[in-house]
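Colleague: Could you take me through this model? I would like to begin with the order of the elements in one of the chains.

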Amino acid sequence: MNIMDHLPALVIAIPLLTAFLTPLIDRVSRKARNAVVFIALALTFILAILLVQDVFDNGIQIYVMGASSTTQTIPTQAAVPIRIVLEIDGLSAFMVLISVLISLLGLIYSFSDIKERGGRFYTLFLLMLVGMLGMELTGDLFNLFVFLEVTSIAAAALIAYEFRRGSTSEAALKYIIISSIGALFVLFSIGLLYGEYDLLNMAAIAQAMQSTHIDKIALVLLFSAFALKAGAAPMHMWLPDAYGEAPGAISMVLIPTTAASMYALFRVCFTIYNESLHAIIPAVIIIFGLLSIFIGVTMALVQDDIKRLISFAAVAEVGYILLAMGVGLYGFLNSEEYTVTALRGGMFHLFNDVLDIGLLFLVAGGVIYATGERSLNKLGGLAHSMKYTSVLFLVGLAAAAGLPPMNGFASKIIIYESVYKVSPILSIIAILASIMMLAVFIKIFQAVFTGPKLTECREVPKPMLASMIALAALIIFFGLFPDMVIEHLVDPAVNALMNYGAYIQAVMGVGT
Amino acid sequence: MILMMLKTIGGFWDPLILVLAAIVVAIIAYIIRAAGRRNHKTGEQAKPFFSGVAEPSKEAMHVRASNLYWGFTEALKGYYTSMKKMHSGMLNDYIGWFVGIAALIFVVLFVMEVL
């Protein structure tokens with residue numbers, strides 16, 4: 001058996017099996033449990049890199065579950081794909097890399113942060129990763145729904161992890177109900193499409209798409225559900241509750257889960273509906289983007305809770321991604337020359353958002369760990385005791401606010417320029433919001449880290465510092481060498497978005 | 001020398017040039033600082049003068065987070081009042097916004113179809 005042939009399945013299977021193994025090992029030894037979870041995730045990360053390399057070198061990868069050949073998408077006795085198909089193009093590979101990388105760093109952080117009920121925690125943690133990976137690798141709409149549910153249920157349980165604070169249970173309840181209603185919309189739209197085409201495979205539906213009224217109803221349902229899960233304003237209100245109440249590492253790993261929903265949104269628009277997409281959709285995405293930026297940044301400014309503040313900043317960052325992708329989608333439908341640049345800016349910012357806001361959440365988690373305090377009004381002078389954490393916060397601050405030479409600046413400048421081509425007003429709003437974002441983070445830095453020593457505390461443990469330093473190093477590297485990242489990671493994802501024909505061909509043109 | 005250039009629509013962005021410029025500026029700043037007076041005192045001379053009033057403790061003077069940007073939030077009071085209503089924390093409101101937005105997209109999409 002050549003392991004390379006089974007990479008897509010292994011990337012999902014390893015964390016899935018480890019998830020169910022973890023509570024058993026936990027009964028024997030906590031150290032052994034941590035070691036097994038770390039080895040499993042490190043192995044998944046290596047396999048994900050191999051998979052990404054394979055996709056970038058050899059094009060779209062197909063993996064058919066239960067077939068005699070893993071590439072036989074259409075069974076001999078059938079005319080359409082009926083088995084579970086994993087389809088990995090540049091976009092999927094890009095998303096998988098983000099999800100596994102952030103989960104690995106979150107895991108290292110959690111070794112110090114999570115002290116109680118670790119067996120359950122890591123089971124849920126790994127299941128959340130499995131859900132994300134499944135959403136990003138599947139070529140099948142129904143499996144997308146299943147993995148969306150897996151992600152939501154695991155995430156809700158993790159949000160409520162510190163259940164002794166009542167607010168965590170409230171946040172988790174809101175999250176699971178909102179997620180369930182969103183998932184219901186997704187399931188209903190899948191039912192509509194299945195009723196019309198007798199198909200569940202995304203490539204097959206894209207090929208059969210006739211843009212009927214039923215298709216448009218399904219589009220609105222899918223679009224609004226994934227926009228909700230992505231945290232797009234004005235449907236974002238669940239996000240500060242969920243991100244704000246989850247443990248530090250989970251707040252960070254929740255970012256790729258919203259990114260996975262954004263991935264699903266883009267997959268629906270660019271691949272399934274592609275050129276038959278209604279012209280109103282790019283405009284709606286742009287409006288969502290602007291609202292997210294404006295509401296996110298202005299609401300962040302008045303927050304008192306450190307994690308809620310960063311959560312609203314995360315909403316604003318989602319807005320930048322949606323703005324760029326909306327402009328890119330508009331260009332895609334109208335064959336505009338700035339399309340690739342806008343999509344490049346959006347995808348690059350998606351990666352940067354996960355890193356920058358992720359680092360800020362880890363720092364916030366570290367501050368709460370060290371002081372037991374979340375209120376900005378009660379903190380002060382932490383730089384005296386937490387020197388490394390303070391410097392790492394500055395790196396995250398500069399990156400999220402889009403200060404040069406950080407990665408956030410590189411992606412935002414691409415967004416500003418491409419968005420300017422559609423309307424200079426959009427660019428002006430985006431730039432002003434970015435300046436406000438800087439003001440928001442300066443508020444945290446001034447209130448929490450500078451000034452006289454108001455709170456007695458010690459620096460966070462080494463595993464927490466290690467994952468923060470790794471994130472900061474990636475931020476600085478991406479900032480100093482943005483062209484390298486764009487060429488090797490972002491552009492293949494953008495090409496995959498644009499070239500929906502290849503996605504369809506990979507399933508419908510292979511195997512008989 | 002342009003090392004790692006990111007081409008954009010309007011030109012290019014090279015972070016390494018910025019880093020190089022920052023290093024040059026830092027060196028110049030250090031040279032200027034080093035040329036300063038060496039007899040500068042850090043004790044009594046460095047204390048702030050409040051017209052003879054004793055300086056409050058540093059802890060008492062620390063500007064708390066809620067005091068920052070007070071003027072900005074006061075000027076946008078109307079906006080923030082409506083935003084607080086929107087972020088009520090009530091699950092019913094959250095679902096209402098979601099269903100309302102989905103319905104609005106439906107209406108706009110099908111009105112455009114008809115027109």
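Modeller: Read from the N terminus, the elements of chain B follow the order β-β-α-α-α-α-α, where helices (H or I, at least four residues) and strands (E, at least two) are DSSP runs numbered from the N terminus. This is a predicted model, in which local features need pLDDT of at least 70 and side-chain atom pairs count only at pLDDT 80 or more, while totals for chains, interfaces and linings use all residues. Residues are numbered from 1 along each chain as its sequence is written, and chains are lettered from A and ligands numbered from 1 in the order in which they are written.

Colleague: What radius of gyration does chain B have?

Modeller: Chain B has 28 Å, whereas a compact globule of 115 residues would be near 13 Å; the radius is taken over C-alpha atoms, and the globule rule is 2.2 Å times the number of residues to the power 0.38. The C-alpha trace of chain B spans about 80 × 55 × 25 Å along its principal axes.

Colleague: And how much of chain B counts as buried?

Modeller: The figure is 7% of its 115 residues, with a residue called buried if 20 or more other C-beta atoms, placed from the backbone, lie within 10 Å of its own, exposed if 12 or fewer, and partly exposed in between.

Colleague: Switching to the interface, how many residues of chain A are in contact with chain B?

Modeller: On the chain A side there are 46, in contact with 36 residues of chain B, a contact being two residues whose C-beta atoms, placed from the backbone, lie within 7 Å. The elements of chain A that give two or more residues to that side include helix H6 (166–197), helix H16 (424–449) and H17.

Colleague: What do the buried residues of H17(A) pack against?

Modeller: They pack against H3, helix H13 (339–371), helix H14 (387–400), helix H15 (407–422) and helix H18 (482–498) of chain A, together with helix H1 (15–34) of chain B. Among those buried residues of H17(A) are A:Ser467 and A:Leu471.

Colleague: Which residues does A:Leu105 contact, leaving aside its neighbours within four places in sequence?

Modeller: A:Leu105, which lies in helix H3 (residues 90–113) of chain A, is in contact with A:Ser467, A:Ala470 and A:Leu471.

Colleague: Why is A:Leu105 called buried?

Modeller: A:Leu105 is called buried because 26 other C-beta atoms lie within 10 Å.

Colleague: Last one: is H5(A) mostly covered or mostly exposed?

Modeller: H5(A) is mostly covered, with 15 of its 19 residues buried.
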